[in-house]
Amino acid sequence: MQYSHSRLSTFEQCPLRFKYHYIDEIEPPEIEESVEAFLGSRVHEALEKLYKDAKFQKVLALEELLTYYNEIWKKNWGPAIKIVKAGYTEENFCRMGEAYIEAYYKRHAPFNQAKTVGLEHKVLIELNGHTLLGFIDRLSYDPRTDTYEIHDYKTSLHLMPDETARTDRQLALYSIAVRSAYKTSRVKLIWHFLAFEKDVVIEKTDAELEELKRDTLHLIKRIEGERDFKPRVSALCDYCEFRPICPEWKHLYKVEDLPPSAYANDTGVQLVNRYVELQDKVKMLSAEQEEVKKALTEYAKREGVTAVAGSGFKARIATYGDLKIPKDREDDVRALLQEYNLWSDASRIDMFRLRDIVQSYPFNPDNPNDSSWKPWPPELIKRLAKLLKKEENVRVYVRKMDNE
Ligand code: SF4
């Protein structure tokens, strides 16, 4: 299989989508495109035209470029473009693209900072017998610094932190191909975050690229060894073209257009409804059981008894004090154990064990006669005891009274 950054990302996002797309090569049941992807394509096309013309010493005026953008928007727009975000229209997204182009134009005119080597420039990355394919939005060369530049336009409303750029895979993979094709180590990776008028620029070191090659090969090995290709539900399902056949969504699609009576008669719908009904009953009953337990405990206290007779049954009420770590003090407990270099012990023995140690101090909670037991420092126990909260726990044991 020929890999690419987007194929690798698809596997990371959802192995099943990867299988549908690249192994089974299933034609998506509905070919839809998100408006975000549509906007990205049109902005890319407009900037491609800008730099293509500039190569021929024809620098488009901003108005000309925006006219071109609006033309290709209208020409390509159609009913298959999906707007998922409620409350926004085609017009909103189109204007967003215009604003991105205008701001980019004003910041970068007259577009002669470097020489354009290629637009939508195809690269092949060779990794130990695997070939990865990629397309660089714009590859340019700056003769003043003898540096190649890989430009990537981002129309996302998510601004990648500078630190994430260092670990981004896509442009780094492209830089491996550029280094090899042009026999250079001077390659800049440049992300243009158009919505934020911000450019992020980095250069990868040899060591970083070696690590990237190792990680990428490891991922390819994982893909090739994958057998299950399980669905991974996430917000990205909203944009997945395979929802109608994906087991996570298929039934929802099957019943969504049924008339109400057929919907209610569907076996799946009925089973889910029954399950939810029973779940609610169980919740209600267990709340009721808690109330009765409370009343029984109070009754036993009032009567000064620990066992109460019923019809053929007897209930024994056992009360014991317990130490708990309140949720809002968990970090303090962890920090305290770290201060005494005991966190690894505590994580191994878990919170129940911690409670046992505090409660049975200075003895070994598992064996009070164990003379080799080294108790924790008394100061630590005191501080821990202050963080833990004593709670009274009640258990009710019911058993038959046949022989009593
Ligand atoms: S709908 Fe979601 S879970 Fe199903 S294949 Fe697509 S991304 Fe994966």
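Analyst: Let us begin with pairing: two strands are said to pair if DSSP finds at least two bridges between them. Please keep in mind throughout that this is a predicted model.

User: How do you know that E6 and E7 pair, and in which sense, parallel or antiparallel?

Analyst: The requirement is at least two bridges, and E6 and E7 are joined over 7 bridges in the parallel sense, so they count as a pair under that rule. Within this pairing, Tyr153 has His192 in E7 as its bridge partner.

User: What makes E7 and strand E8 a pair?

Analyst: The same rule asks for at least two bridges, and 6 bridges join E7 to strand E8 (residues 198-203), the two running antiparallel. Trp191, for instance, is bridged to Val200 in E8. The hairpin of E7 and E8 has 4 residues between the strands, and in this hairpin Glu197 takes a positive phi near 50 degrees.

User: Why is E7 called mostly covered?

Analyst: A residue is buried if 20 or more other C-beta atoms lie within 10 Å of its own, and 5 of the 7 residues of E7 are buried.

User: Which residues of the largest nonpolar core touch the most other members, and which element gives the most to this core?

Analyst: The core has 27 residues, and those touching the most other members are Val123, Ile125, Ile150, Leu173, Tyr174, Ala177 and Val178. Several elements each supply at least two residues, including strand E4 (115-127), helix H7 (170-182) and strand E7 (187-193), while H7 gives the most, with 7 residues.

User: What is Val178 in contact with, leaving aside its neighbours within four places in sequence?

Analyst: Contact requires C-beta atoms within 7 Å, and with those neighbours left aside, Val178 is in contact with Val123, Leu139, Tyr148, Ile150 and Val187.

User: Why do strand E9 and strand E11 stand at the edges of their sheet?

Analyst: The sheet is open, with 3 strands in the order E9-E10-E11 and antiparallel pairing. Strand E9 (307-309) and strand E11 (389-400) each have a single partner strand, so one side of each is left without a neighbour in the sheet. Neighbouring strands here are turned by 25 degrees against each other on average, direction ignored. Strand E10 (residues 313-324) and E11 pair over 12 bridges, and Tyr320 stands opposite Asn393 in E11.

How values were computed: Residues are numbered from 1 along each chain as its sequence is written. This is a predicted model: local features need pLDDT of at least 70, side-chain atom pairs count only at pLDDT 80 or more; totals for chains, interfaces and linings use all residues. Axes are lines fitted to C-alpha atoms, for helices over the stretch in contact, and angles run from 0 to 180 degrees between N-to-C directions. A nonpolar core is a set of buried Ala, Val, Leu, Ile, Met, Phe, Trp, Tyr and Cys residues joined through C-beta atoms within 7 Å. A residue is buried if 20 or more other C-beta atoms lie within 10 Å of its own, exposed if 12 or fewer, and partly exposed in between; C-beta atoms are placed from the backbone. Two residues are in contact if their C-beta atoms, placed from the backbone, lie within 7 Å.
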